[in-house]
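Work through the exercises below with the sequence and the model open. Each task is followed by a solution in steps.

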Amino acid sequence: MSQIRHFLDLWRLEGSDLRAILDDAKARKAARLGWPKGRPDADRPADGRTLAMIFEKHSTRTRFSFDAAMRQLGGDVIISNAAEMQLGRGEPIEDTARVLSRMVDAIMIRANYHEDVERLALSATVPVINGLSDKGHPCQILADLMTFEEHRGRVEGKTLAWIGDGNNVCASFIHAAPKLGFRLNIASPAVYHPDLVDLARAQEQQGQVMTTRDPREAVRGADCVITDTWVSMGDTDHDERLDALEPYQVDEKLMELANPDACFLHCLPAHRGEEVTDEVIDGPRSLIWDEAENRIHAQKSILAWCFGHIG
């Protein structure tokens, strides 16, 4: 039996696999230009396959994009939140993995804890996809990089600036940097700095990742400026976060320090007036709507890779 292709963290994958997924996503998007959104792709690589989607956290983009992605690949989906499952009543996640592996062809989970994603994958006999955890958001990053490349060319050799909380999305950018050859500048307050293990691993992999407390230093010469909400689901230190992160707001003045053609990305939902101003998020440099749409196309290629149709 061939090895199961789980999609858990970007640092686990080869750069060639990530490049193949990105290129396939762009090709699939171009091939269906002008098509109805419900029409399956010509090759239907998920024909006859079913994806289980488990949600421990609320979701808009992840839920709709994975559902649309699987349908466009010619497959089907079963969606449940954890509270509706025996998982929400204490069933071990290993038992859930074994049962679902008998019923579906892949599992996507949007989880509270990354440990649960890994435990699910260890016991599953079908691919498991990390739709989000407290340690990473790999699907989002591939959509972000796809969006950047659509508008600014290949990301290799470019500089991306992350401003704000060193959270799970930031972690997946750190994972991707050495794999795809871009420079990542991270500006965050000391109390909300990126994970030190992620930074050390990137350094071991010859990644160009720089950290600073000064957002102006991070964005100078950047080809893309990225931020995220300061208070994520599950955070209990709301007021402390707002106080610490206030100097990290992305506004027009900060964007002016980046390259003249630098773009702006935000995975959404955004708290306008906190991490980003209306002038930036609604401005001509913002690519957030393409970024949101590209969750569908990136995840189609992630699924195709998991099913062995890529690489």
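Predicted model: local features only at pLDDT ≥ 70, side-chain atom pairs only at ≥ 80, totals over all residues.

**Exercise 1: salt bridges across the sequence**

Task: the structure holds 26 salt bridges. Which parts does the pair of Asp41 and Arg28 tie together?

Solution. 
- Step 1. The side chains of Asp41 and Arg28 form a salt bridge, 3.0 Å from N to O.
- Step 2. Arg28 belongs to helix H1 (15-31) and Asp41 to the loop between H1 and strand S1 (50-55), so the bridge ties together parts 13 residues apart in sequence.
- Step 3. Both Asp41 and Arg28 are buried.

Task: where do Arg119 and Glu94 lie?

Solution. 
- Step 1. Their side chains meet in a salt bridge of 2.8 Å, N to O.
- Step 2. Arg119 is in helix H4 (residues 114-123) and Glu94 in helix H3 (residues 93-101), so this pair ties together parts 25 residues apart in sequence.
- Step 3. Arg119 counts as partly exposed because its relative accessibility is 27%. Glu94, at 21%, also counts as partly exposed.

Task: which residue forms a salt bridge with Arg272?

Solution. 
- Step 1. The partner is Asp278, with the closest N and O atoms 3.1 Å apart.
- Step 2. Arg272 has 40% relative accessibility and is therefore partly exposed. Asp278 is partly exposed at 40%.

Task: which residues are linked with Arg19 in a network of salt bridges?

Solution. The network links Arg19 with Asp23, Lys26, Glu149, Arg154 and Glu156.

**Exercise 2: charge on the surface**

Task: which residues gather in a patch of negative charge?

Solution. 
- Step 1. The surface patch consists of Asp239, Glu240, Asp243 and Glu246.
- Step 2. Glu240 is part of helix H9, residues 238-245, and is partly exposed at 48% relative accessibility.

Task: is Pro247 buried or exposed?

Solution. 
- Step 1. Pro247 sits in the loop between H9 and helix H10 (252-255).
- Step 2. Its relative accessible area is 56%, so Pro247 is exposed.

Definitions and conventions. Residues numbered from 1 in each chain as written. Heavy atoms only, no water. Patch = residues over 30% accessible without salt bridge, like charges linked within 9 Å, V, L, I, M, F, W, Y side chains within 5 Å. Areas by Shrake-Rupley, 256 points an atom, 1.4 Å probe, with all protein chains shown as cover. Salt bridge = Lys/Arg side-chain N within 4 Å of Asp/Glu carboxyl O. Lys, Arg positive; Asp, Glu negative; His and termini not counted. Charge placed at Lys NZ, Arg CZ, Asp CG, Glu CD. Helix = DSSP H or I, 4+ residues; strand = E, 2+ residues; numbered from the N terminus. Buried < 20%, exposed > 50% of the residue type's maximum accessible area, 1.4 Å probe, protein only.
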